Amino acid sequence: MVSQDWDRQGTGDKLSLCTSYLAPSGHANSGVRCSVSRVHADPGVVHAGLQTLRGLCEAEAAMRGQNVAQKLLQRESGGGHRTELQQAASQHFIDRQPALWQEQEITGKLASALSKPLDKAFAAAWQDDHRLLVGTKSNDLLQWDTTAGTVRSIPLPAPPPRQHSILETVWGACGIHSVTVNPAGDMVATGGAEPADCTVLRLPDFAPVQTLVGHIDWVFAAAWVSDRHVVTGSRDQTVALWSIPDCDSGAPAEQYKGMGTPDGLHRKFAGKVRDVKYDFDSCRLAALSTEGCVKLLDTTRNLRATRTIELTYNKELVCMEQQHDLVAVGSMGHVTLIDPRRRAGELRAVASPDNNEGVRSVQLTQHLLSFGTGRGQLFFYDLRANAFLPTQPVQPPEECGSNDFGGGGLQHGGLPQLLQQPAVAAAPALSVQPQPCHLQLGDGLVVHNETYYSHFHGMVIKHACYAHIWDASHSRLFVCGGPLAFGLQGLYLSVWH
């Protein structure tokens, strides 16, 4: 057992002792081995790693208190002990990750592998454990193989004939703002060759399945609500529910929808629809609009609106995430937390330390809220402790002062069940105040065009964090973005591990 061997192991051996428990998948362990290889160079990393593994030992010791019947039942059902230990390890690993991560920027490598210039990465999704899909402002859908180190551009089908013309805009090309893989993993919905369309491609060969035509302005968001149904949201203030045929069904290459029909486009908002998210656990679809609200829609009743939640902080609403009974909405200077079950709706707002450039991406992972800003800063907020996690290794206790998170808990009402559940083995308190609480995106690529020389020459350009997504093991974080300023071209792509 791990705890039996803990006290008689050396520093390096302690860090290696529980490597196989930290995640069920292979690349999670490889991320741990990467951290193990650094222990002799950084005392802070040594301390963080030892505290993580000590927590695993405490979790194992707590599980020893189960009675014989429970243990026999777990053994008969396939080894619940290991599963619980992996879950405990996952929580500890997520707590410690920001302080252990290293940036592996791949912007130059990927950009040089393609013959045409790229601009701003707006959206991304993991296709599987080692392949990523990225959508850019230049309307390119990229596939990056993290194992082979190769990248290719996926061709999109030509735009089909339209029944209604697209609204004219002075902003130029929109690009791909949404990339999402269905639960079965055999289809991906993304922006089309025409930004007002949504294209569905088959995986893994990217054969066209169907192009969804009907919106008359840019499609900003798409969300799968089943393996064969997807919801789209557009700047034209409408949302639509589409039924996708099987790949070999012989269905037409295009699917059209219009206004005024029960199964057509639904104008539910007075403002642009910026994001839609569906949670399979609660079967809840949430849609975010620039008019300053989140609407809950019923996918079984033609997207009927069941509730509207007005937002206190409603400027620059561009991103949203949903997990179980918690919705997080990013605005100019805050991330608003919403519990749709409550009468009041809003739980509270987490103020962004970078409140000038807006929150551009947000993610919920277990008890961890992460959000990226327009100035290229990535923050990690512990919802249980009500405090930001440090992003540098914490010094050993004898070298640091207070061990208090400094948070007093969420102040506006009770927490959803997700946040009320304590960790299997509580991590030691961290000294947050003296530590940096964000990761800074790297240099990336900036195109020195006319806009750059006219307005930004000689200035340090920060890349906005337009999207960041965890892999299945929560041991790697893909981050992408580009310059925030209009007219300034550039790209940032990296994996933090």
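Student: What makes the link between the side chains of T373 and D354 a polar contact?

Tutor: The model is a predicted one, and in it the side chains of T373 and D354 come to 2.6 Å of each other.

Student: Is T373 buried or exposed, and how do you know?

Tutor: T373 has a relative accessible area of 0%, and since buried means under 20%, T373 is therefore called buried. T373 belongs to strand β24, residues 368-373. Leaving aside residues up to four places away in sequence, T373 touches S352, D354, G358, V359, R360, F379, A464 and C465.

Student: Why is the pair of Y278 and F280 called edge-to-face?

Tutor: The whole structure holds 8 aromatic pairs. One of them joins Y278 and F280, whose ring centres are 4.9 Å apart and whose planes make an angle of 85 degrees. Rings pair if their centres lie within 6.5 Å, and planes over 60 degrees apart count as edge-to-face, so the 4.9 Å makes Y278 and F280 a pair and the 85 degrees makes that pair edge-to-face. Y278 counts as buried because its relative accessibility is 14%, under the 20% limit, whereas F280, at 42%, is partly exposed, as that value falls between 20% and 50%.

Student: What makes Y381 and F388 an edge-to-face pair?

Tutor: Their centres are 4.9 Å apart and their planes stand at 80 degrees, so the angle is over the 60 degrees required for edge-to-face. Both Y381 and F388 are buried, and together with F371 and F379 they form one aromatic cluster.

Student: How do you know that R235 lies over the face of W218?

Tutor: R235 is placed at 4.4 Å from the ring centre of W218, and the distance part of the criterion asks for CZ of Arg within 6 Å of that centre. K257 lies likewise over the face of W242, at 5.3 Å from the ring centre, where the limit for NZ of Lys is also 6 Å.

Student: What makes β2 and β5 the edge strands of their sheet?

Tutor: The sheet is an open one of 4 strands in the order β2-β3-β4-β5, with antiparallel pairing. Within it, β2 (121-126) and β5 (150-154) each pair on one side only, and they are the edge strands. Neighbouring strands of this sheet are turned by 25 degrees against each other on average, direction ignored.

Student: How do you know that β2 and β3 are paired?

Tutor: The antiparallel strands β2 and β3 (residues 131-136) are joined by 5 bridges, and pairing requires at least two. A124 has V134 in β3 standing opposite.

Student: Why is β15 described as largely enclosed by the rest of the structure?

Tutor: Of the 7 residues of β15, 6 are buried, so the strand is largely enclosed. β15 runs antiparallel to β16, with 6 bridges between them, and K277 stands opposite A286 in β16. The two strands form a hairpin with 4 residues between them.

Student: Why is S165 called exposed?

Tutor: S165 has a relative accessible area of 63%, and exposed means over 50%, so the label applies to S165. S165 lies in the loop between β5 and β6 (179-181), and its C-alpha atom is separated by 6.6 Å from that of I216, 51 residues apart along the chain.

Technical notes
Residues are numbered from 1 along each chain as its sequence is written. This is a predicted model: local features need pLDDT of at least 70, side-chain atom pairs count only at pLDDT 80 or more; totals for chains, interfaces and linings use all residues. Side-chain values use heavy atoms; hydrogens and water are left out. Rings of Phe, Tyr and Trp (its six-membered ring) pair if their centres lie within 6.5 Å; planes under 30 degrees apart count as stacked, over 60 as edge-to-face and the rest as tilted. Buried means under 20% relative accessible area, exposed over 50%, partly exposed in between (1.4 Å probe, protein chains only). A charge sits over a ring if NZ of Lys or CZ of Arg is within 6 Å of the ring centre and within 35 degrees of the ring normal. A polar contact is a pair of N or O atoms within 3.5 Å; within protein, one must be able to donate a hydrogen and the other to accept it, and residues adjacent in sequence count only if both atoms are side-chain atoms. Contact means heavy atoms within 4.5 Å. Axes are lines fitted to C-alpha atoms, for helices over the stretch in contact, and angles run from 0 to 180 degrees between N-to-C directions.
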